[in-house]
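Please look over the sequence and the model shown here before reading the report.

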Amino acid sequence: MSRYIATRAIRGANALVTEAEVMLRQALADKGSDTPVAFPNTAYYLPLIFGMTGQEIETVGQLSPILEHARELLHPLPSDSKWTPYLGETLDSGMATLLAAEIIEAIRFVYGLQPEPLEGIHLAGGTGYSFTSPDNGSGNGGGYLNGPIDDIQLRSWGIQLVDGRMPGFAAIVGAAKSNEVAVKLVRELQRRNILTFLSGNVNGRSIIHQLVEEGVELGYDTYTVPFGTDTLSAIYALGFAVRSALTFGGMKGGMAREILLYNKERVFAFVLALGEVDDLKYAAAAGAINFGFPVIADTVIPEILPTGVTTYEHVVSMPFNEIDGADDLERAEILVQKCIEVRGVKVRIADVPVPVPYGSAFEGEVVRKADMRVEFGGKRSRCFEYLHMADLDDVTDGKIEVVGPAFDHLDPQGHMDMGIVVQVAGRQMQPDFEPVLERQVHYFINGASGIQHIGQRDIAWIRISNAAAEKGFNLEHFGKILHARFHADFGAIVDKVQVTIYTDPDQLQDWLAEAREAYQFRNRRLADLTDNAVDEFYSCTLCQSFAPDHVCIVSPERLGLCGAYNWLDCKASFNINPTGPNQPIKLGSLLDDVKGYWTGVNDYARSGSHGSVETVSMYSIMENPMTACGCFECIVMLIPESNGVMVVSREDTSMTPAGMTFSTLAGMAGGGLQTPGVMGVGKFYLVSPKFISADGGFKRVVWMSSVLKETMADELQAVAEREGDPDLIGKSADERSVSTVDDLLAWLEQHNHPALVMDAIF
Ligand code: SF4
Ligand code: ZN
């Protein structure tokens, strides 16, 4: 351990704890000890404090003992004469720094100083704040930086964090050598799908300023989250790390050691410190090292070699101007590469030959009408995509053809019809995999920066931005993307890929007719694909990298709770990777066809959960329900007084009749434990005939988040008709009308809800 680093970290920690004490005294005087304090939309209180101490901080007064604890963790500066290993003291100081930093941010929330406003920023993907300032009408207004990440976003990233699509996260603190370097660093991280948190400054200038000036789109949707322009806001990255252990790892507040170890072993994160490192940054870096997150600095600082907290270097110095690159851009690329090596982040990238940046980080990008060169589909034109298998001899791998005119002749913001026809062939390919692969077209095309893809089948809708068109993106590139990605991601079942883009009206119509026949055929196949029609289900243990004892049992009529894996997906995945997370489960003998018990499923659940689950019912929420990790789309929960259940969507932040919001409920549903009466599910399970069929099925739903009613209106209406009660959906309450049990009961009476006269649910 370097005495230099120890000295500066300990000094920084002392200063910050003192600053927090001054602020807290002031807040107590101004606001009083009972004033509420909270970060928005999280069930984990002040998450770092909750994780490390177990304290559920809700008022300003409750901060005092935490700050006293932080003070106790401080140590005197190392003396000049004594040379001892300072690691323990430095790590303690780091922890004190984190506690103090979270306290300061919490107090800033009390004063309305968080999140931080910034001129010129408009985030892609929101946190629930309004991002427009009052003077935004003028067109050059500002918005707010992100502040802490909310639980909804954390959960919706869950699946990407576990399946490797999002291989890790980077906390960048400071400012880059130039705007150009700032953009390059972020693009290199985005290209690798690394979630990037931005904070800090050097002499008042932050990487956030640099990126905003360069017009880089920041926000959840582009994997670049600007926390704040000061160092303290980097605390939100560690709060995120703590919550990933609480959300997916099934840990409880106060399990400090376990949470830190979880992060060290499962969360691939690092800190990139840009520019001069001051005492506070040293102190914060010491905090990050507690989590096993190394710090890479682009300036000259002493290094800390492996000691046991991490198996790699804790602190690495890579002075930017000494990096062996042809120019600054290459140096930036090498710097990112180094960060990834130090932390051992496993990055998978397909080399996609397009003239724009490419990676999952661009999937959520929106192309606004004003920035659009051309669109296909939407209101003014038709776009479809159709993937089908063919004989090996009939497919020429890599052949990409555009049949019909390009879009050069169109006016700006023009539109035209397009059909994308993909032919695949492979010895392992099966007709059942066609829809699985076809659905990937959405993700693959969206990965290109400046391209937006919405929908599927014959309601696809694609936009190309002006920026992408200016860089030379043309129709052929759709084919290039699909060819590269199908080989990279599905190489085990697909040997050859050929793509034809149709804009010629006649041929387009012919293919559209053929595609529609195939869609119809697939719909019938899906309708026939019931639990009784197959003799194996599939396991999914993908989430075990985060929730070690959780298994999803995926059947034709019950998809995985994240919504991303149905039975066909699992079957395809098993064919791609026979030793991977999706294994066939032979059903064995049927023990109970109402509750859905099979010997094979029980055996699998027992071994897959490492003994933590003995028996699992496929169709009941009341008896041995399936467990959940943390990435469920909805929570189903018994409301005993109503003789029914409520369904809360992940997107719904309002209060439910259970007296808890989604975030709080999620703590009861997740963690790989069986909790009768509570279940995390994928939203399409709601419309399955097997939805809690042992407990009475969909008629038990007495309350349901309105976002589900709206986004799944057609599917839910079909369910109502299937259940013989066409008005059923309107009879269930939602957050717009009902937020307490009393109101719920009154509503159910008034609307004559069937649950009231059903058998007692338990
Ligand atoms: Fe995780 Fe279940 Fe989705 Fe698999 S199906 S990724 S285990 S939530
Ligand atoms: Zn999960």
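The report below goes from the basis of the model to its domains, its sheets and some local details.

## Basis of the model

This is a predicted model, in which local features need pLDDT of at least 70 and side-chain atom pairs count only at pLDDT 80 or more, while totals for chains, interfaces and linings use all residues. Residues are numbered from 1 along each chain as its sequence is written, chains are lettered from A and ligands numbered from 1 in the order in which they are written, and side-chain values use heavy atoms, with hydrogens and water left out.

The protein chain is divided into domain 1 (3-110), domain 2 (118-343), domain 3 (367-507) and domain 4 (531-757), with bounds that come from an automatic or database domain assignment. The C-alpha centres of domain 3 and domain 4 lie 34 Å apart. In this pair, 11 residues of domain 3 are in contact with 8 residues of domain 4, where contact means heavy atoms within 4.5 Å. About 810 Å² is buried between domain 3 and domain 4, and carbon and sulfur atoms give 59% of that area; buried area is the accessible area (1.4 Å probe) that two parts lose on being put together, summed over both.

Across this interface the rule finds 2 salt bridges, a salt bridge being a side-chain nitrogen of Lys or Arg within 4 Å of a carboxyl oxygen of Asp or Glu. Arg439 forms a salt bridge with Asp569, and their closest N and O atoms are 3.0 Å apart. On the side of domain 3 that touches domain 4, α12 and α14 (476-490) each supply at least two residues, and the largest share, 4 residues, comes from α12. Helices (H or I, at least four residues) and strands (E, at least two) are DSSP runs, numbered from the N terminus.

## The sheet of four strands

An open sheet of 4 strands has the order β10-β13-β16-β11, with mixed pairing; two strands pair if DSSP finds at least two bridges between them. Because β10 (383-389) and β11 (400-403) stand at the edges with a single partner strand each, one side of each is left without a neighbour in the sheet. Neighbouring strands of this sheet are turned by 15 degrees against each other on average, direction ignored. Strand β13 (residues 418-425) and strand β16 (residues 496-502) run antiparallel and are joined by 7 bridges, and the bridge partner of Val421 in β16 is Thr500.

Two helices on this sheet can be described next. Helix α12 (residues 433-446) packs on the sheet, touching β10 and β13, and its direction makes about 135 degrees with that of β10. Helix α15 (residues 505-528) also packs on the sheet, where it touches β10, β11, β13 and β16, and its direction makes about 65 degrees with that of β10. For these angles, axes are lines fitted to C-alpha atoms, for helices over the stretch in contact, and angles run from 0 to 180 degrees between N-to-C directions.

## The sheet of three strands

Another open sheet, of 3 strands, has the order β18-β17-β19 with antiparallel pairing. Its edge strands are β18 (552-554) and β19 (584-586), each of which pairs on one side only, and the twist averages 40 degrees from one strand to the next. Strand β17 (residues 536-540) pairs with β18 in the antiparallel sense over 3 bridges, and Cys540 has Cys552 as its bridge partner in β18.

Helix α16 (residues 567-576) packs on this sheet, touching β17, β18 and β19, with a direction that makes about 75 degrees with that of β17. Helix α17 (residues 599-608) packs on the sheet as well, touching β17, β18 and β19, and its direction makes about 130 degrees with that of β19.

A search of the whole structure finds 34 salt bridges. One of them joins Asp230 and Arg108, whose closest N and O atoms are 2.7 Å apart. Asp230 lies in the loop between β5 (224-228) and α8 (235-248) and Arg108 in helix α4, so the pair ties together parts that are 122 residues apart in sequence.

The peptide bond from Gln114 to Pro115 is cis, with omega near -10 degrees, and Pro115 lies in the loop between α4 (87-110) and β1 (117-119). Asn41, although it is not a glycine, has a positive phi of about 50 degrees, and Asn41 is placed in the loop between α1 (3-31) and α2 (47-53).
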